[in-house]
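Q: Please take a close look at one part of this model. I would like the sheet, strand by strand, and then the ligand site.
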Amino acid sequence: MSGARIGDESAAERNKKPIFDALAPWLRQAKSLLEVGAGDATHALYAGERLPQLAWQTSEAPAHHRRLVAALADRHETRLAPPLALDVRHAWPDVTYDAVYGANVAHIMDWAAVEALFAGAASHLSTAGLLCLYGPFKRPGENLAPGNREFDAALRARDPAMGLRAVDALDALATSGHMRRVADIAMPSNNRLLIWQRD
Ligand SMILES: C[S@@+](CC[C@H](N)C(=O)[O-])C[C@H]1O[C@@H](n2cnc3c(N)ncnc32)[C@H](O)[C@@H]1O
């Protein structure tokens with residue numbers, strides 16, 4: 001079993017605490033965070049209650065934005081700012097964030113979108129800001145766990161542009177954006193939390 005599958009909302013419920021526990025120490029000084037591909041905002045709601053100093057801005061690709069807005073309305077959520085409709089390949093808000101976060105997005109986005117995500121983070125992070133990605137990844141010199149191998153094959157069968165991303169390829173994108181990886185944290189079910197920091 002690996003990370004959240006497409007549309008698997010219960011996975012977001014299941015993994016919100018371990019993600020938050022790993023992420024929180026990195027966000028203690030952060031005042032603002034942009035979440036890309038926020039799904040139903042499960043992580044934003046959980047973190048928002050626990051890190052009240054952090055303005056957590058959710059966003060979703062336009063095709064799924066309405067679902068995110070509805071999810072927040074269903075929960076009578078008023079503390080979070082209204083979600084942005086943001087496709088990472090297009091214009092980002094003219095705002096600087098202390099962190100950019102995405103859970104289970106890199107293997108769903110096509111590679112051009114992953115490149116755009118790193119470029120967008122590089123140009124919208126404050127100095128020493130953090131890009132944090134959670135999910136299953138391919139680590140150099142390691143075979144994928146069987147569950148992740150099956151997941152990768154299923155994604156590619158569905159759409160050849162999807163698939164688990166290699167950490168070293170992401171590191172190269174980060175380097176181009178003057179970011180360097182500062183953490184690679186093992187998470188349950190063969191997931192990782194990867195963090196890059198802007199110079
Ligand atoms: C597997 S879901 C993860 C949802 C949520 N983060 C979670 O962990 O439950 C992947 C998300 O990536 C978003 N996504 C895919 N391509 C995107 C793009 N180009 N820009 C922004 N979001 C994108 C999808 O809309 C979807 O919500």
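How many bridges join E1 to E2, and do these strands run parallel or antiparallel?

A: Four bridges join E1 to E2, and the two strands run parallel. The model is predicted, so local features need pLDDT of at least 70 and side-chain atom pairs 80 or more, while totals for chains, interfaces and linings use all residues. Numbering starts from 1 along each chain as its sequence is written, and side-chain values use heavy atoms, without hydrogens or water.

Start with E1. This strand covers residues 32-36 (strands, E, are DSSP runs of at least two residues, numbered from the N terminus). Five of its five residues are buried, so E1 is largely enclosed by the rest of the structure. Buried means under 20% relative accessible area, exposed over 50%, and partly exposed in between, with a 1.4 Å probe and protein chains only. Both faces are covered. Ser 32, Leu 34 and Val 36 lie on one side, Leu 33 and Glu 35 on the other. Leu 33 stands opposite Trp 56 in E2.

Two strands count as paired if DSSP finds at least two bridges between them. E2 (residues 55-60) is joined to E3 by two bridges, again parallel. Glu 60 has Ala 85 as its bridge partner in E3.

Ala 186 counts as exposed because its relative accessibility is 55%. Ala 186 touches Asn 191 and Arg 192, leaving aside residues up to four places away in sequence (contact means heavy atoms within 4.5 Å).

The ligand is surrounded by 17 residues, and the closest are Gly 37, Glu 60, Asp 87, Val 88 and Ala 103 (near means a heavy atom within 4 Å). By class, the shell holds nine nonpolar, five polar and three charged residues. A polar side-chain atom of Asp 87 is 3.0 Å from a ligand nitrogen. A polar backbone atom of Val 88 is 3.0 Å from a ligand nitrogen. For a backbone N or O atom of Ala 103, the distance to a ligand nitrogen is 2.9 Å. On its own the ligand has 590 Å² of accessible area, and the protein covers 90% of that (Shrake-Rupley method, 1.4 Å probe).

Note on methods. A polar contact is a pair of N or O atoms within 3.5 Å; within protein, one must be able to donate a hydrogen and the other to accept it, and residues adjacent in sequence count only if both atoms are side-chain atoms. Ala, Val, Leu, Ile, Met, Phe, Trp, Tyr, Cys and Pro count as nonpolar, Asp, Glu, Lys and Arg as charged, and the others, Gly among them, as polar.
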